[in-house]
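Let's take a friendly walk through this model, one question at a time. Have the coordinates open as you read.

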Amino acid sequence: MGAFTGDEARTRFLAAYDRAMAHWPEPREERDVPTAFGTTRVHVYGKGDATPVVLLPGRNATPAVWSANVAALGAARPVLAVDVVGEPGRSPQTAPLRTPEAMAAWLEEVLDGLGLERTHLLGMSYGGWAAANHATRAPGRIASLTLLDPARTLAPLRPGFVTGAVLAVLSRSEERRRRYFGRVIGDCGAGAEAAEAQLRVLLEALDGFRGRLPQPRKLTDDELRSITVPALVLLGGDSLAADAHRAAARTRLLPDARVRIVPGAGHTIPAAELNSRVPEFLAEVDRSRA
């Protein structure tokens with residue numbers, strides 16, 4: 001199971017987490033949802049009447065990554081950002097999550113615990129895979145799916161992406177880690193102070209936490225065809241994680257998809273792009289069901 005390497009590592013990480021979460025707009029509510037895999041912390045913003053949107057971050061990222069997005073996403077609807085069990089954060093894991101089926105079971109328990117009969121589901125990187133995985137296994141309550149440069153879901157990870165991450169971590173050099181992961185993230189448009197706070201969270205996680213979650217995997221053609229809800233896929237044109245054009249080609253298998261390769265974007269979709277396109281997409285889906 002995922003766990004911190006010690007009390008000191010946990011204290012350092014949670015201090016960085018709290019500093020990064022301070023960049024969220026207020027008012028922000030925190031909810032703890034019991035599941036069979038551990039209590040899951042969820043951060044909530046917005047109280048509009050439109051269908052809620054649930055956010056799943058990438059690996060070692062935490063809900064702090066959404067600080068520049070929640071105000072735009074929550075202008076008309078509740079935004080619920082999940083602190084994933086098995087990741088560093090405030091959702092302590094109590095049972096293993098070894099398979100895609102287990103990931104879907106955990107998330108379904110979270111959605112049940114939040115009382116969501118219907119929700120939009122949005123995921124970044126690993127969270128994009130988790131969201132797509134859920135749509136293939138428990139689609140009943142999903143109104144739409146938004147995937148932000150999803151890890152492995154549509155195309156394999158570039159070999160250099162994996163090698164670069166491993167070498168950066170093994171180097172034990174903060175300068176090298178900053179340089180590499182800064183290139184991976186790219187300019188996300190969150191502002192210098194918030195971006196530094198989010199990078200600090202990642203750096204503390206690399207040394208202080210050992211995760212044990214299932215690896216993301218490429219969805220099969222049949223799995224992609226089974227996702228019948230409206231889907232928005234935003235891919236980084238300069239992403240180091242995967243070939244955007246190769247990933248975009250496979251979105252043709254999704255029955256109702258909109259795809260955009262964002263020029264110049266890295267693995268993280270810039271805030272300006274996300275904050276304009278995603279709310280428009282969610283509103284469009286809501287109107288279609290009115």
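Q: How many cavities of 30 Å³ or more are there by the count?

A: This is a predicted model, where local features need pLDDT of at least 70, side-chain atom pairs count only at pLDDT 80 or more, and totals for chains, interfaces and linings use all residues. Residues are numbered from 1 along each chain as its sequence is written, and side-chain values use heavy atoms, without hydrogens and water. A cavity is a set of points, on a 1 Å grid over the protein atoms alone, where a 1.4 Å probe fits but cannot get out; its volume is the space filled by probe spheres set on the points, which are joined across faces, edges and corners. The count of such cavities is two.

Q: Which residues line the largest cavity?

A: The largest cavity holds about 50 Å³ of space. Lining residues have an atom within 4 Å of a point. They are Asp149, Pro150, Leu235, Ala241, Ala242, Asp243, Ala244, Ala247 and His267.

Q: How much space lies in the second largest cavity?

A: Pro57, Gly58, Asn60, Ala61, Thr62, Asp83, Val84, Glu87 and Pro88 line the second largest cavity. Its space is about 40 Å³.

Notes. 1 Å grid on protein atoms, 1.4 Å probe; cavity = no way out; pocket = protein on both sides within 12 Å on 5 of 7 lines; lining within 4 Å.
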